[in-house]
Amino acid sequence: MKDFAAGLAQRLTTHLYRVRRLCEGPQQPECVVDGKKVVSFCSNDYLGLANHPRVIAAFKKGLDDYGVGSGASHLVNGHSRAHHELEEELAAFAKRDRALLFSTGYMANLGITQALLGRHDHVFADRFNHASLNDAGRIVDAKLCRYPHNDLNNLHKQLKRCPTGQRLIMTDAVFSMEGDLAPLPQLASLADATDSMLMVDDAHGFGVLGESGRGSLEHFQLSQKNAPILMATLGKAVGVFGAFVAGSHDLIETLIQSARTYIYTTASPPALAHATRTSLRILQQETWRREKLNDLIDQFRNGAKQLRLNLLPSQTPIQALIIGDNARALNLSQSLYDQGILVSAIRPPTVPAGTARLRITLSASHSDQHIIQLLETIERLTTGPRM
């Protein structure tokens with residue numbers, strides 16, 4: 001039998017052991033974690049909608065109307081009116097023919113590749129893609145080809161070496177551990193020139209980027225024709241739970257017929273879909289949330305520049321402070337927590353070896369004073385050579 005204890009001990013020795021923290025109460029900047037009051041900078045609730053009174057009220061109304069569980073998969077008896085109306089509203093908002101709900105973004109990504117690709121096909125993936133996209137490329141019979149981060153020349157060479165079979169290029173739109181954007185217009189042009197499909201995972205851009213919050217594709221002014229497969233999640237900027245895939249009628253029908261992670265799982269609670277419809281409306285109505293978020297990003301980056309912090313380039317809510325050493329990243333995260341600031345240390349294999357970091361995420365619910373507190377605390381803790 002496998003020696004699990006030895007493996008766990010090895011994780012401890014290399015500072016790769018993961019520990020869960022206990023959060024009490026709702027998601028909001030000021031919260032209680034492991035019994036201590038902190039200001040949190042590690043939530044993906046970018047627009048501050050996870051604890052919005054209207055969303056909470058809609059969730060309660062959904063419970064009254066639909067109960068708790070959906071009872072079955074979508075194709076048996078679990079597809080409620082709330083699910084259906086949310087799909088229609090998501091399609092309209094994303095400017096796509098149709099949308100299809102999945103329980104999580106992970107399941108959506110796995111379902112897409114499994115349904116669309118076969119043994120003689122190829123999938124091309126950015127090396128900095130999220131784990132769900134990596135696994136989506138591994139579970140299928142198609143050959144997985146990975147290219148260096150945002151390296152279009154390398155991708156083009158790999159595409160030219162695969163003259164037969166279906167070719168799928170899949171990429172994060174906003175890379176979750178770096179905060180930078182994929183060159184989507186160039187990827188769309190390359191996909192068109194090589195007769196390939198482009199799949200965009202906009203988990204961290206949907207609701208945040210674009211004039212109307214439609215995400216990275218709106219930011220780059222790309223249509224359904226340019227990027228035929230869009231996946232986005234509903235548990236980050238939208239503040240609820242779940243994910244969806246949007247695209248052509250034929251794409252969605254193919255997923256309904258063939259995506260195993262859609263067919264063989266119980267539908268999410270209808271009340272969640274009902275609450276998400278309200279959140280989607282707030283996202284569109286309260287444009288000040290995106291405006292404030294952008295102001296906070298500028299405030300943080302300007303302050304970090306004055307402190308000469310080693311931040312990766314990013315104009316999104318994800319701000320990566322590179323530390324390098326695993327133990328040092330853990331120690332700084334713990335020191336911040338001791339001072340009332342919650343920021344997670346991200347280590348391999350989530351990020352490449354030698355690039356351990358603090359992943360700082362900003363929300364429209366943060367105040368200017370929260371940003372000042374974060375910067376001043378980091379400055380106090382980072383004495384000696386600048387980080």
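In which sense do strand β3 and β12 pair, and over how many bridges? Strand β3 (residues 36-40) and β12 pair in the parallel sense, over two bridges.

This is a predicted model, in which local features need pLDDT of at least 70 and side-chain atom pairs count only at pLDDT 80 or more, while totals for chains, interfaces and linings use all residues. Residues are numbered from 1 along each chain as its sequence is written, and side-chain values use heavy atoms, with hydrogens and water left out.

**View 1. The open sheet that contains β3 and β12.** Four strands are arranged in the order β1-β2-β3-β12, with mixed pairing. Strands are DSSP runs of E with at least two residues, and helices are runs of H or I with at least four residues, numbered from the N terminus; two strands pair if DSSP finds at least two bridges between them. At the edges stand β1 and β12 (341-342), each with a single partner strand, so one side of each has no neighbour in the sheet. Valine 39 has isoleucine 341 in β12 as its bridge partner.

**View 2. Strand β10 and the strands joined to it.** Five of the five residues of β10 (residues 243-247) are buried, that is, under 20% relative accessible area with a 1.4 Å probe and protein chains only, whereas exposed means over 50% and partly exposed lies in between. In a regular strand the side chains alternate between the two faces of the sheet. In β10, Ala243, Val245 and Gly247 lie on one side and Phe244 and Ala246 on the other, and all are buried. Strand β4 (residues 98-102) runs antiparallel to β10 and is joined to it by five bridges; leucine 100 has valine 245 as its bridge partner. Strand β9 (residues 229-233) is also antiparallel to β10, with four bridges, and threonine 233 is partnered with alanine 243.

**View 3. Leucine 90 in the largest nonpolar core.** A nonpolar core is a set of buried Ala, Val, Leu, Ile, Met, Phe, Trp, Tyr and Cys residues joined through side-chain atoms within 4.5 Å. The largest has 79 residues, and Leu90 and Phe244 are among the members that touch the most others. Beyond its neighbours within four places in sequence, leucine 90 is in contact (heavy atoms within 4.5 Å) with residues including Phe206, Leu234 and Phe244. A second, separate core of 26 residues includes Met170 and Ile229.

**View 4. Glycine 207 in a loop.** Glycine 207 is found between β8 (197-201) and α9 (216-219). Glycine 207 counts as buried because its relative accessible area is 0%. Among the residues that glycine 207 touches, not counting those up to four places away in sequence, are Leu47, Ala237 and Arg290.
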